Amino acid sequence: MAIMEILTYPNPRLREVSAPVDVFDSKLKKLTEDMIETMYDAHGIGLAAPQVGVLQRVVVIDTRPKNDEGRRYDNDEMGELEKKVTQPLILINPRIVGGVGSTTFDEGCLSVPSFYETVERKEVIEVETYDLSGKKYKFKTDGLLAICIQHELDHLEGKLFIDRISFLKSKKIKNEIQKHGYPKKEKKEKAEVKK
Ligand code: ZN
């Protein structure tokens, strides 16, 4: 496995629409393994392939909390449907085919490090996706996993969370990055919710 470089805004690759995967081979499996390792290394809870410069519809996610030894576990703060999903989760060519309710969360992004804003998302979603073997299946989820999936699927369309906040807030963040770049060190406690 290998840790990949995570691209940051304003890298133009983050603005492109990713192509569907049509070959389910060992190369795809290796990509997901590297993405999972990269996500854990960056203390993120989700990573989409375009964030590592690969313009394919591939997403990896693990929203489970970590204990002091770094082991991931299910806990009561997780959504009822979220707990039923085996993680780390690998999504190939995912689509949201249903969604109800609305919820908000202070989102961050590994491609916009150290910035957080409240974003509104659907509360419960139904996802249609392929697994690594090319098998199509559907599942419903809620909690942080539902939020994270919506965030990651945006990446596949070239969209970032800073596009889903008010024009003024978005402009402020973009100006800040343009003027000062990204802070060198990130706060650890906030790092847990980066996607
Ligand atoms: Zn992101």
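Which residue just after α3 takes a positive phi? That's Gly158, with a phi of about 80°. Before going further, a word on what you're looking at: this is a predicted model, where local features need pLDDT of at least 70 and side-chain atom pairs count only at pLDDT 80 or more, while totals for chains, interfaces and linings use all residues. Residues are numbered from 1 along each chain as its sequence is written, and side-chain values use heavy atoms, with hydrogens and water left out.

Let's start with the sheet. Strands here are DSSP runs of E with at least two residues, helices are runs of H or I with at least four, and both are numbered from the N terminus. Five strands make an open sheet in the order β1-β2-β3-β6-β7, with antiparallel pairing. The edges belong to β1 (46-48) and β7 (136-141); each has a single partner strand, so one side of each is left without a neighbour in the sheet. On average, neighbouring strands are turned by 35° against each other, direction ignored. Axes for such angles are lines fitted to C-alpha atoms (for helices, over the stretch in contact), and angles run from 0 to 180 degrees between N-to-C directions.

Now walk across it. Two strands pair if DSSP finds at least two bridges between them. β1 and β2 have 3 bridges in the antiparallel sense, and Ala48 has Val59 in β2 as its bridge partner. Val59 also stands opposite Leu91 in β3, where β2 (residues 58-61) and β3 (residues 89-100) run antiparallel over 4 bridges. Moving on, β3 and β6 share 6 bridges, again antiparallel, with Ile96 partnered by Val127 in β6. Helix α1 lies across β1, β2 and β3, at about 40° to β2.

Back to α3, then. This helix, residues 143-156, is mostly covered, with 12 of its 14 residues buried. Buried means under 20% relative accessible area, exposed means over 50%, and partly exposed is in between (1.4 Å probe, protein chains only). Among the buried ones are Cys148, His151 and His155. His155 has a relative accessible area of 1%. Leaving out residues up to four places away in sequence, His155 touches Glu16, Ala48, Pro50, Gln51, Cys109, Leu160 and Lys195, where a contact means heavy atoms within 4.5 Å.

What about the cysteines? A disulfide is a pair of cysteine sulfur atoms within 2.5 Å, and a search of the whole structure finds 0 of them. Cys148 is buried at 0% relative accessible area, and Cys109 counts as buried at 1%. The closest cysteine sulfur to that of Cys148 is in Cys109, 9.9 Å away, so the two are too far apart for a bond.

Finally, the rings. A pair of aromatic rings is described by the distance of the centres and the angle of the planes. Rings of Phe, Tyr and Trp (its six-membered ring) pair if their centres lie within 6.5 Å; planes under 30 degrees apart are stacked, over 60 edge-to-face, and the rest tilted. The count by this rule is 3 aromatic pairs. In one of them, Phe24 and Tyr130 have ring centres 6.0 Å apart and planes at 40°, so the pair is tilted. Phe24 sits in the segment before α1 (26-41) and Tyr130 in β6, 106 residues apart. Phe24 is partly exposed at 29% relative accessibility, and Tyr130 is partly exposed at 25%. Phe115 and Tyr182 form an edge-to-face pair, with 6.3 Å centre to centre and 70° between the planes. Phe115 is buried, at 13% relative accessible area.
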